[in-house]
Amino acid sequence: MLAETICSAVSAAGLGIAALTAYRKRFLAATRIAAYSLVPVGLVMTGVVAWAAGIVFKPTVWAGFAVLGLAWLLFVTTRAIERRAAGAVGAVGAGEGKQKRPKAAKGRPAQEAVAPAASAPSLGDGARPRPAPAAAPAEDFSDIEAILKKHGI
């Protein structure tokens, strides 16, 4: 009941401000203010305010939010532990057909097997790449020189 009264008072005040704004010949702003001031009354008439007030003032609703928060906290904690274990083990859970990797020593990351060719440096044919021949000094600088001369530089 109090929330509906406050929303009605806010709407009445907003409509008063809209009337003063219209009196000053600022009709576009007055229309916008009137639109904003009618929103609280619309919310009261649709029942949204009563629904929100019912949620806010019921202790069982807050207990429900607490239970949801606890569930979220447990979920996040288990995901963090699962990811930490997955970093050391590789795959989460050892079901049928899956083998666990050996755990890494404490403080050292687990090393995965690498193909023999993957560790060899890729040098190509062994020859060093030759540097490209130096570009001709007057290649495209004529345009730049013209612009600099035009600006007196």
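Predicted model: local features only at pLDDT ≥ 70, side-chain atom pairs only at ≥ 80, totals over all residues.
Local features were considered at pLDDT of at least 70 and side-chain atom pairs only at pLDDT 80 or more, whereas totals for chains, interfaces and linings use all residues. Residues are numbered from 1 along each chain as its sequence is written, and side-chain values rest on heavy atoms, without hydrogens and water.

Helices are DSSP runs (H or I, at least four residues) numbered from the N terminus. The axes of helix H1 (residues 2-23) and helix H2 (residues 27-46) come within 8 Å and cross at roughly 170°, where axes are lines fitted to C-alpha atoms over the stretch in contact and angles run from 0 to 180 degrees between N-to-C directions. H1 and H2 are therefore roughly antiparallel to each other (an angle over 145 degrees). Contacts (heavy atoms within 4.5 Å) involve, among others, Leu 15 and Ile 17 in H1 and Phe 27 and Ile 33 in H2.

One aromatic pair was found, counted where ring centres of Phe, Tyr or Trp (its six-membered ring) lie within 6.5 Å. The rings of Trp 62 and Phe 65 have centres 5.8 Å apart and planes at 55°, so the pair is tilted (planes under 30 degrees apart being stacked and over 60 edge-to-face). Both residues lie in helix H4 (residues 59-89), three residues apart.

The whole structure contains one salt bridge (a side-chain nitrogen of Lys or Arg within 4 Å of a carboxyl oxygen of Asp or Glu). Glu 82 pairs with Arg 79, their closest N and O atoms being 2.8 Å apart.

Key:
Helix = DSSP H or I, 4+ residues; strand = E, 2+ residues; numbered from the N terminus. Parallel < 35°, antiparallel > 145°, perpendicular 65-115°, else oblique.
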